Amino acid sequence: MATFDSFAHCSAFGLALACAAPAPASAQSPSQTSPTQLEPVTVTARVPGVASVAGWGDVPLSRAPLQASVIGAEQIKERGAHRLAELIGLDPALGDSYNTEGYWDYLSVRGFVLDNRFNYRRDGLPINAETSIPLDNKARIEVLKGLSGLQAGTSAPGGLVNYVVKRPTEQPLSLATLEWQERASVSAAVDLSRRFGDGEAFGARINAESARLEPKMHNATGGRHLFALAAEWRLGASTLIEVEAETSRRSQPSVPGFSMLGNAVPDARGIDPRINLNNQIWSQPVVLEGNTASMRISQRLDADWSVVAHAMTQRLRSDDRAAFPFGVYDPNTFLCTLCDRFAADGTYTLWQFVSDNERRRTDALDLSVSGRLRTGEVRHQVQAGALHSTYRARLGRQVFDIAGTGNITGTAVTPPSSGFLDENTNRDERSNELQLRDAISLDDSLTVWLGLRHTRLQRDSVRTDGSRPTAYTQQVTTPWLAASYNLTAQDLMYASWGRGIESEVVPNLPIYTNRGEALPALRSRQVEIGWKRSDDNIDWALTGFDIVRPAFTDFGTCDGNDSCTRAIDGMVGHRGAEANGALRKGAWTLRGGAQWLRARRMDSHSQVTAFNGKQPINVPALTLKAQLGYAVPQFPGLNLQAGLIRESRRMLLSDNSASIPGYTRLDAGMQFARQVGTVHWTWRVGVDNLADARAWKDSPLQFGHVYLFPLASRTWRTSLQAEL
């Protein structure tokens with residue numbers, strides 16, 4: 001029986017065949033298999049409906065006291081997705097936050113923007129997401145919804161993203177895919193897996209992809225490539241060694257956002273969403289390169305206990321470049337007449353930014369032991385572990401200078417800036433974390449879940465010229481507590497409470513007096529209650545949550561160099577309810593979800609007390625997402641799909657005096673699968689934004705500037721997959 005958690009996150013179009021059989025989960029450690037399954041094959045068993053990001057081993061999501069999305073590799077293909085931002089339409093809790101062509105992804109969960117430095121994992125280990133992360137070698141994407149203090153030492157509230165790498169399959173796999181997307185983007189990919197050696201103890205899997213990028217947006221031509229290798233060695237029934245490595249590169253000009261025109265919000269229906277304001281002859285592409293490798297050794301001690309050692313290194317190199325609009329400034333004094341928007345006539349100050357050869361490195365080592373034990377009639381599922389991680393960012397001096405004046409139609413031509421060089425900020429972080437979990441089953445119905453993570457942080461930063469060194473050390477403990485009760489074999493009710501810790505670094509902009517400095521870690525808290533039901537034909541989940549986090553405020557005029565200071569001020573509270581459901585009836589598949597969110601600023605005691613009780617910027621109060629699939633009985637292998645996204649208005653300014661209206665987006669697609677000889681062919685066709693709706697989809701406040709990102713115009717895509 002498919003659980004709601006595994007079934008409900010199928011493709012954006014609710015593809016019936018794919019949903020009927022959930023995609024395989026990732027490789028699990030020996031401790032995550034049933035004690036009675038001791039054959040060698042079970043070492044790499046796939047457990048459907050399990051999200052490793054939750055941290056509770058082989059507990060199915062339908063029986064875990066939390067909410068998470070699991071998006072499998074097949075769903076990613078059906079969506080035609082090659083980046084995280086293209087999967088947001090699958091869950092009402094997920095949202096855009098400065099997602100644009102040619103740059104790395106920003107994701108919001110439950111209204112909070114995830115921190116790209118601290119809220120992302122790869123097979124459970126911390127990584128830096130200030131880069132382009134390819135999806136072709138990922139078995140699934142897991143998104144934990146809610147506070148993640150139990151899973152991460154420091155992270156923004158809202159959720160945690162975990163990329164799970166594809167591992168060698170049990171049966172030989174030979175897959176090739178060709179894909180085209182409007183306007184003229186073309187990609188080719190292969191996915192090969194083989195086992196060999198005595199008892200097929202060795203396995204290897206290769207994923208490779210190359211693409212020429214020519215989207216419908218103007219002046220955004222680029223390319224990307226990926227090569228990834230995963231291998232494993234089974235040393236008998238109790239030991240598994242897994243290694244994997246990937247190298248990737250993406251080069252493409254970024255596409256900046258539009259903005260308010262004076263005090264007016266431009267009508268999105270009058271804006272061509274294909275316009276790229278980064279269109280000067282001297283504009284350069286953003287280049288994002290990544291190399292990642294890991295090794296995991298899993299050792300089963302007996303039928304109930306196992307230990308795992310897991311190490312990873314990630315090395316990123318970036319050339320961050322753009323011609324981008326930012327306010328209206330005097331080029332001689334660098335003082336602004338409009339700091340956070342464009343002029344009423346659609347003109348703005350065009351800046352040149354160049355930060356070449358940025359290097360970021362993350363290393364992590366995790367040691368854990370897990371198992372089951374009994375104390376009288378009480379059953380325990382215990383895990384204890386230690387995680388050591390380091391992060392290092394080495395950046396050079398950067399060009400951050402006024403080039404000239406641009407306009408909203410993208411027709412203005414300016415010379416490059418004078419090339420004024422400004423200092424950047426180098427950062428180091430060391431983290432040592434200890435964690436302990438215990439799922440205590442008091443009887444067959446009632447379980448108490450206890451978790452505790454203790455983190456010791458040491459952070460240092462210094463300007464590239466050696467000035468303004470800052471450093472601090474902090475020790476924090478983040479507890480988590482939950483109780484769940486099985487009403488029936490299909491129904492689970494739960495309640496949870498937890499703490500989280502986050503870290504903030506002041507933007508490295510000249511306007512800040514404390515630019516580049518790390519602010520002290522701050523505590524967030526969450527209360528959540530939920531009811532889940534998993535049945536043969538219908539699954540649903542209802543969740544209520546209340547998250548409170550500290551807020552940051554920019555004090556000062558912020559209209560020139562050293563005119564702003566970022567500091568802690570007040571709180572932000574996100575209280576909401578989420579409903580998800582999936583229905584299977586004959587050839588029909590219906591999946592949908594809705595989130596209601598009451599987000600408010602509160603408890604400010606500074607110059608922004610007027611913002612208390614106001615809705616935060618770029619957070620819709622209501623989100624609805626639904627997918628419908630139909631397997632045509634008269635044509636076996638043919639599936640038709642439709643998708644709907646509806647979001648309410650978003651605020652542009654902290655005083656809520658300006659907003660953008662909500663929007664509706666319709667998608668459609670089909671899949672046709674057919675066996676011809678020894679080859680299984682799959683043809684997919686999709687169209688996003690079928691009605692070619694014009695709207696603003698995203699209104700982030702970045703570095704104190706209001707940006708507006710348009711909904712992409714109607715876009716067609718198709719792919720042909722051959723499996724031998």
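A nonpolar core is a set of buried Ala, Val, Leu, Ile, Met, Phe, Trp, Tyr and Cys residues joined through side-chain atoms within 4.5 Å. Buried stands for a relative accessible area under 20%, exposed for over 50%, and partly exposed for values in between (1.4 Å probe, protein chains only). The structure toured here is a predicted model, in which local features need pLDDT of at least 70 and side-chain atom pairs count only at pLDDT 80 or more, while totals for chains, interfaces and linings use all residues. Residues are numbered from 1 along each chain as its sequence is written, and side-chain values use heavy atoms, with hydrogens and water left out.

**Stop 1: the nonpolar cores**

Select Leu87, Leu107, Tyr120, Ile141, Val161 and Tyr163 to begin. These residues have the most contacts inside the largest nonpolar core, which has 24 residues. At least two residues of this core come from each of strand 3 (107–109), strand 7 (138–145) and strand 8 (159–165). Strands (E, at least two residues) and helices (H or I, at least four) are DSSP runs, numbered from the N terminus.

Next, centre the view on leucine 87. Which residues is leucine 87 in contact with, leaving aside its neighbours within four places in sequence? They are Ile71, Ile76, Arg79, Ala81, Leu94, Leu135 and Ile141, where contact means heavy atoms within 4.5 Å.

Another core, of 21 residues, lies apart from the largest one; among its members are Met260, Leu277, Leu652 and Leu708.

**Stop 2: the disulfide**

Select cysteine 336 and cysteine 339. A disulfide joins these two cysteines, with an S to S distance of 1.7 Å. The criterion is a pair of cysteine sulfur atoms within 2.5 Å, and by this rule the count comes to 1 disulfide. Cysteine 336 is buried at 13% relative accessible area, whereas cysteine 339 is partly exposed at 22%.

**Stop 3: aromatic pairs**

Rings of Phe, Tyr and Trp (its six-membered ring) pair if their centres lie within 6.5 Å; planes under 30 degrees apart count as stacked, over 60 as edge-to-face and the rest as tilted. A search of the whole structure finds 20 aromatic pairs.

Select tyrosine 98 and tyrosine 707. Their rings form an edge-to-face pair, at 5.9 Å centre to centre and 85° between the planes. Tyrosine 98 is in the loop between strand 2 (94–96) and strand 3, and tyrosine 707 is in the loop between strand 38 (705–706) and strand 39 (709–710), so the pair links distant parts of the chain, 609 residues apart. Both tyrosine 98 and tyrosine 707 are buried.

Phenylalanine 196 is partly exposed at 44% relative accessibility, and phenylalanine 202 is partly exposed at 32%.

To display a cluster linked by ring pairs, select Phe324, Phe326, Tyr329, Phe334, Trp351, Phe353 and Phe400.

**Stop 4: charges over rings**

A charge sits over a ring if NZ of Lys or CZ of Arg is within 6 Å of the ring centre and within 35 degrees of the ring normal. Select phenylalanine 545: arginine 110 lies over its face, at 4.1 Å from the ring centre. Select tryptophan 56 next: arginine 437 lies over its face, at 5.5 Å from the ring centre.

**Stop 5: salt bridges**

A salt bridge is a side-chain nitrogen of Lys or Arg within 4 Å of a carboxyl oxygen of Asp or Glu. The whole structure holds 59 salt bridges.

Select lysine 166 and aspartate 191, whose closest N and O atoms are 3.3 Å apart in a salt bridge. Lysine 166 is in the loop between strand 8 and strand 9 (173–181), and aspartate 191 is in strand 10 (residues 185–196), 25 residues apart.

Move to aspartate 422 and arginine 463, a salt bridge with its closest N and O atoms 3.7 Å apart. This pair links strand 21 (residues 421–422), which holds aspartate 422, with strand 23 (residues 446–463), which holds arginine 463. Aspartate 422 is buried at 13%, as is arginine 463 at 6%.

Strand 23 also holds arginine 459, while glutamate 429 lies in strand 22 (residues 425–441). Glutamate 429 and arginine 459 form a salt bridge with the closest N and O atoms 3.0 Å apart. Glutamate 429 is buried at 10% relative accessibility, and arginine 459 is buried at 6%.

Finish by selecting Arg249, Glu289, Arg317, Asp319, Arg321 and Asp356, which are linked in a network of salt bridges.
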